[in-house]
Amino acid sequence: MSQPAIDEQPQNLEPVHAGQGEARADIWATRLVLFLRVMAVVALVKGLYYWAIVCGVGAPSPAGFDSYGMPYQSATVFFAVIDLVAAVGLWLAAPWGAVVWLTSVISMAAVEALFPQIYGGRLWIIMIELALLGIYLSLALLAAREHTP
């Protein structure tokens with residue numbers, strides 16, 4: 001058996017550059033990761049702020065952290081721990097980091113709204129937390145849509 005003769009000249013292929021067609025496709029995922037990194041820094045600052053209150057530095061009362069009631073103390077320790085854990089998870093863009101951060105955001109809004117005696121029920125904190133929640137959910141939805149076939 002003889003091989004068929006190739007009458008055509010070999011075709012030259014156009015060079016392909018890494019990331020040439022992918023830059024536009026992952027725009028929402030990139031924005032989501034950037035948002036998570038910014039929220040990681042915010043959560044870190046919040047967590048360190050609450051730990052400073054627990055340690056007696058910058059406590060709202062000159063008598064110190066021990067002079068407050070149990071609801072204030074437990075809420076402050078809760079946010080000191082959960083915000084630092086969320087900061088690590090968000091910086092790593094780990095799925096559990098977003099879950100911990102969402103828990104922190106929803107908890108802070110709930111404490112401010114349902115238990116105003118703990119931190120004073122500041123409406124602006126509730127609005128900021130809910131706005132951050134809305135931004136995250138919007139970015140996550142848009143990032144998920146760009147990866148669906």
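The questions below concern a predicted model.

Visitor: How are α1 and α5 oriented to each other, roughly parallel or roughly antiparallel?
Guide: Helix α1 covers residues 27–54 and helix α5 covers residues 123–146, and their axes lie 8 Å apart. The two pack at an angle of about 150°. Angles over 145 degrees count as roughly antiparallel, and α1 and α5 are therefore roughly antiparallel.

Visitor: Which hand does the crossing of α1 and α5 have, left or right?
Guide: The residues that meet there include Phe35, Leu36 and Met39 in α1 and Leu132, Ile135 and Leu139 in α5. The contact of α1 with α5 holds 14 nonpolar, no polar and four charged residues. The crossing of α1 and α5 is left-handed.

Visitor: What covers the buried residues of α1?
Guide: Buried residues of α1 include Leu32, Phe35, Leu36, Met39, Ala43, Gly47 and Tyr50. In an α-helix there are 3.6 residues a turn, so residues three or four places apart point the same way. Among the elements that cover the buried residues of α1 are α2, α3, α4 and α5.

Visitor: Is Thr76 buried or exposed, and what is its relative accessible area?
Guide: Thr76 lies in helix α2, residues 70–91. Leaving aside neighbours within four places in sequence, Thr76 is in contact with Tyr50, Ile53, Val54, Phe65 and Tyr119. Of these, Tyr50 and Ile53 are among the buried residues of α1. A residue under 20% counts as buried, and Thr76 is therefore buried, with a relative accessible area of 0%.

Visitor: Which helices do the buried residues of α3 pack against?
Guide: The 20 residues of α3 should span 28 Å, which agrees with end C-alpha atoms 28 Å apart. Its buried residues include Gly97, Trp101, Leu102, Ser104, Met108 and Glu112. The buried residues of α3 pack against α1, α2, α4 and α5.

Visitor: Is Ala93 buried, partly exposed or exposed?
Guide: Ala93 lies in the loop between α2 and α3. Its phi is near 55°, a positive value in a residue other than glycine. The relative accessible area of Ala93 is 36%, which falls between the 20% and 50% cut-offs, so Ala93 is partly exposed.

Key: Residues are numbered from 1 along each chain as its sequence is written. This is a predicted model: local features need pLDDT of at least 70, side-chain atom pairs count only at pLDDT 80 or more; totals for chains, interfaces and linings use all residues. Side-chain values use heavy atoms; hydrogens and water are left out. Axes are lines fitted to C-alpha atoms, for helices over the stretch in contact, and angles run from 0 to 180 degrees between N-to-C directions. Helices (H or I, at least four residues) and strands (E, at least two) are DSSP runs, numbered from the N terminus. Angles under 35 degrees count as roughly parallel, over 145 as roughly antiparallel, 65 to 115 as roughly perpendicular and the rest as oblique. A crossing is left-handed if the near helix is turned anticlockwise from the far one by less than a right angle, and right-handed if clockwise. Contact means heavy atoms within 4.5 Å. Ala, Val, Leu, Ile, Met, Phe, Trp, Tyr, Cys and Pro count as nonpolar, Asp, Glu, Lys and Arg as charged, and the others, Gly among them, as polar. Buried means under 20% relative accessible area, exposed over 50%, partly exposed in between (1.4 Å probe, protein chains only). The expected span of a helix is 1.5 Å times one less than its number of residues.
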